[in-house]
Amino acid sequence: MTSIVSARGVTRVFGIGPSAVAGCRDIDLDVAPGELLVVRGPSGAGKTTLLTLLGTLDRPDLGTIVIDGTETTGAPESDLVGIRRRLLGFVFQRTGLLPGLTAAENVEVPLRLIGMAREERTARVAGLLDRVGLTEHARQHPDELSGGQQQRVGIARALAAEPRVLLADEPTGQLDGGTAAAVMDLVVELIHERGMAGIVTTHDPAFMERADRVAQLHDGRLTE
Amino acid sequence: MTTTTAQRNVIDCADLVRIYRGDGVEVQALQGLTLRVAEGDIVAMVGASGSGKSTLLGILSGLDRPSAGRATVAGFDLTALSSGRRLEYRRNAVGFVWQQTERNLLPYLTARENVELPMLFAGRAEREKRAGELLRLLEVDAHADRRPGQLSGGEQQRVAIAVALANGPQVLLADEPTGELDEAMSAEVLEAIRAVNEQLGVTALIVTHDPAVSEHVHRTVQIRDGRTSTEVHRDTDRTGAETFTVIDSVGRLQLPTDYVHRLGIRELVRLTLEDDHVRVQPGEARGSEKKK
């Protein structure tokens, strides 16, 4: 199957001279639709750097990244905005939900950004909240929800614009055992059900068991 | 700055009690706390962890309700908020700045887009203009098109202040806004809060464990054991400072801990009413051995 995400020789170095630190070194990877790649590695191994580069939030010093046929590494910022909003879904460890918005509004954010019409937005948000089991919490603010519920809102938001790629940075890192397992199940199911390419960084061994492929990141180098 | 009675108290909390019950244990997190903040003032609330400041913040943010007492902010009675009123309160009456910058900003949006987002949900017109003005006031307009990851921690928090003010709230509530910043960036963020307080007239309450905050505000209120205990008032030019102790509606006051330790005060004190002051002396009952 053709991959949606493809990286070749991706290198990102922070600082200069002898104190320079390689966040990522010469990374090659390919992820196909509906495939879950789990990237594991100790803290500081470069997991977040890798997701930031794949997510077009930073550019590599060397190498190329292609997302759904577009080479993002050399693309102008104005093109990247569209790629981020339409092709990529982001899930963060500390959820990153906006505290001033309700759960439903947080999910609606990406739809506002792509300029979707109101009726369609309302229906899409309702469907997503139902899928993640939070219909009854639609009008609550993030701080009124449990950690697991907040992460479900974060997942629903990541999926709102129906992206082709889901990038999740330690999505269960702040959750306890049972809650973490339920959130993991949801992520795995959604990747398969929606045919997204999923790239998830984690320390959680249970996630690795559910992955289609597991890659190890160490000192910025990726091995499978 | 002293507060005259003519000024309206935008934050008006009196005799707040909050009791948590669970597993047969009862914790009294607030024990009759009183806090009044006049419109347009800037106040820091300082206290150690466990002092009750998080509990107070929970009430002020509309998340928690007091067990007893009065809490009114910007005309909203926080002891009896319906879910609809709470939504309105949190959207329009108060703006929040949190300690972790990733709770305040979306990493894939630019500074300007982050500021416009709350206005989009409130259906406000002229969003781009207002976002530009706020970013200029906070001196981050040069970075309007950068994303949070391309900004320093201090710059991110200044953008977060702009986000909090986007819908023109009467009150800005900042929870440890400098908790993850170094000294220089902390000063930068506190001065930014002072600037929006002075120029927009927004009433600001900064909740923190960092005593250095008091140098940037008019009034610093110390919270201890679930009550406001002492206050430091600073001149507008921030040269002189005076310390006060809070006395509640029934006449109770807390002596500063260092006074109590220095004079070895325990259990009882002698109070003497003089013409223009009250004298407090260490004193033990029934002529027991008296330490000088």
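**Which residues in helix 5 of chain A meet which residues in helix 6 of chain A?** On the helix 5 side they are A:Gly147, A:Gly148, A:Gln151, A:Arg152, A:Ile155 and A:Leu159, and on the helix 6 side A:Thr179, A:Ala182, A:Val183, A:Leu186, A:Val187 and A:Leu190. Before going on, note that this is a predicted model: local features need pLDDT of at least 70, side-chain atom pairs count only at pLDDT 80 or more, and totals for chains, interfaces and linings use all residues. Residues are numbered from 1 along each chain as its sequence is written, while chains are lettered from A and ligands numbered from 1 in the order in which they are written.

**View 1. Helix 5 and helix 6 of chain A, side by side.** Helices here are DSSP runs (H or I, at least four residues) and strands are too (E, at least two), numbered from the N terminus. The axes of helix 5 (residues 147–159) and helix 6 of chain A come within 9 Å and cross at roughly 15°. Those axes are lines fitted to C-alpha atoms, for helices over the stretch in contact, with angles from 0 to 180 degrees between N-to-C directions. Nonpolar covers Ala, Val, Leu, Ile, Met, Phe, Trp, Tyr, Cys and Pro; charged covers Asp, Glu, Lys and Arg; the others, Gly among them, are polar.

**View 2. Helix 3 against helix 4 in chain A.** Helix 3 (residues 103–113) and helix 4 (residues 118–131) of chain A pack at an angle of about 120°, with their axes 9 Å apart. That makes helix 3 and helix 4 of chain A oblique to each other. The contact (C-beta atoms, placed from the backbone, within 7 Å) includes A:Val107 and A:Leu111 of helix 3 and A:Val125 and A:Leu128 of helix 4. It divides into 7 nonpolar, no polar and 3 charged residues.

**View 3. Helix 3 against helix 4 in chain B.** Here helix 3 and helix 4 (residues 127–137) of chain B pack at about 125°, with axes 9 Å apart. The crossing of these two chain B helices is right-handed. By class, their contact has 7 nonpolar, no polar and 5 charged residues.

**View 4. A:Glu170 in its loop.** A:Glu170 is in the loop between strand 7 (165–169) and helix 6 (177–194) of chain A. It's buried, with 21 other C-beta atoms within 10 Å (20 or more is buried, 12 or fewer exposed, in between partly exposed). Leaving aside neighbours within four places in sequence, A:Glu170 is in contact with A:Gln93, A:Thr201 and A:Thr202.

**View 5. Where chain B touches chain A.** In this view, 19 residues of chain B are in contact with 19 residues of chain A. Helix 2 (83–93) and helix 3 (111–122) of chain B each supply at least two residues of the chain B side. That side divides into 11 nonpolar, 3 polar and 5 charged residues.

**View 6. Inside the largest nonpolar core.** Such a core is a set of buried Ala, Val, Leu, Ile, Met, Phe, Trp, Tyr and Cys residues joined through C-beta atoms within 7 Å. This one has 126 residues, and B:Leu205 is among those touching the most other members. Helix 5 (residues 153–165) of chain B gives the largest share, 7 residues.

How values were computed
Two residues are in contact if their C-beta atoms, placed from the backbone, lie within 7 Å. A crossing is left-handed if the near helix is turned anticlockwise from the far one by less than a right angle, and right-handed if clockwise. Angles under 35 degrees count as roughly parallel, over 145 as roughly antiparallel, 65 to 115 as roughly perpendicular and the rest as oblique.
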